[in-house]
Amino acid sequence: MVVNPENFYKYLKAKKMNKDNMTEEEIEIQKFIHHVFNKIKNQYVNRSSKKQMLIAARLTKGLSRIVDHECYLNQSCKDVEQHLENVLKTNHVKLKNPLTMGSVIHGEVLLLHSEEGRKFLKRSLKAGDYLFIYSYYIPCQGNKSSVSDCASMLKDFLLHNNADGKIAVILAYDKIWHETDKELAAERLSESGVFLVHLQPSEE
């Protein structure tokens, strides 16, 4: 599947989200985005019994290959609390009690705050490649105390580290958690320049 890199970048910046009145090239670009995410997912989905995962991957500027990828499965707080505690205290991103929100640390927290995730993001920002992020659920966001602020956390990180839009970020999801406010999550992500893609209809 061949897509013009320059037109691909323009398409992402325009944030066209629907297929109404799209040109043939724009339809091909949407197909290409789905193709990349399916390729990324296939690296991990069949290896794990957990559906709830977050995968981050770098695609070269020329759109020719995936050069780097990481997978983060939700982990229990007790397994990662000590590892993340100091980082979370000193990081500029404000989180809603990330270590006390139930018993699970979400993939977004691990991507942004674990040692492996921070190294991956540093490589991505330095290279200026496309950043593809797949999350089984759209990043959490809502007004209930039981909902974490994953979408806002991603927004704050990108506004702080990618304010000039050096890298284009494409985030895809399959499902919507029943307590997440989809519109609010999409709004937070859009505010930081994220191009959002729904890969399959939600059943929840």
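1. The model is predicted, so local features need pLDDT of at least 70 and side-chain atom pairs count only at pLDDT 80 or more, while totals for chains, interfaces and linings use all residues. Residues are numbered from 1 along each chain as its sequence is written, and side-chain values use heavy atoms, with hydrogens and water left out.

2. Helix H1 covers residues 5-14, and its buried residues (under 20% relative accessible area) are Phe8, Tyr11 and Leu12. Seen down the axis of H1, these residues fall within an arc of 95°, taken from the directions from the helix axis to the C-beta atoms, so they line one face of the helix. An α-helix has 3.6 residues a turn, so residues three or four places apart point the same way.

3. The buried residues of H1 pack against helix H2 (24-42) and strands S5, S6 (169-175) and S7 (195-198); contact means heavy atoms within 4.5 Å.

4. At the start of H1, the backbone nitrogen of Glu6 has a side-chain oxygen of Asn4 within 2.9 Å.

5. The lining includes Leu112, Leu121, Ser124, Phe157 and Ile167; a lining residue has an atom within 4 Å of a cavity point. By class, the lining residues divide into nine nonpolar, one polar and no charged.

Notes:
On a 1 Å grid over the protein atoms alone, a cavity is a set of points where a 1.4 Å probe fits but cannot get out, and a pocket is an open set with protein on both sides within 12 Å along at least five of seven lines; lining residues have an atom within 4 Å of a point. Ala, Val, Leu, Ile, Met, Phe, Trp, Tyr, Cys and Pro count as nonpolar, Asp, Glu, Lys and Arg as charged, and the others, Gly among them, as polar. Buried means under 20% relative accessible area, exposed over 50%, partly exposed in between (1.4 Å probe, protein chains only). Helices (H or I, at least four residues) and strands (E, at least two) are DSSP runs, numbered from the N terminus. A polar contact is a pair of N or O atoms within 3.5 Å; within protein, one must be able to donate a hydrogen and the other to accept it, and residues adjacent in sequence count only if both atoms are side-chain atoms.
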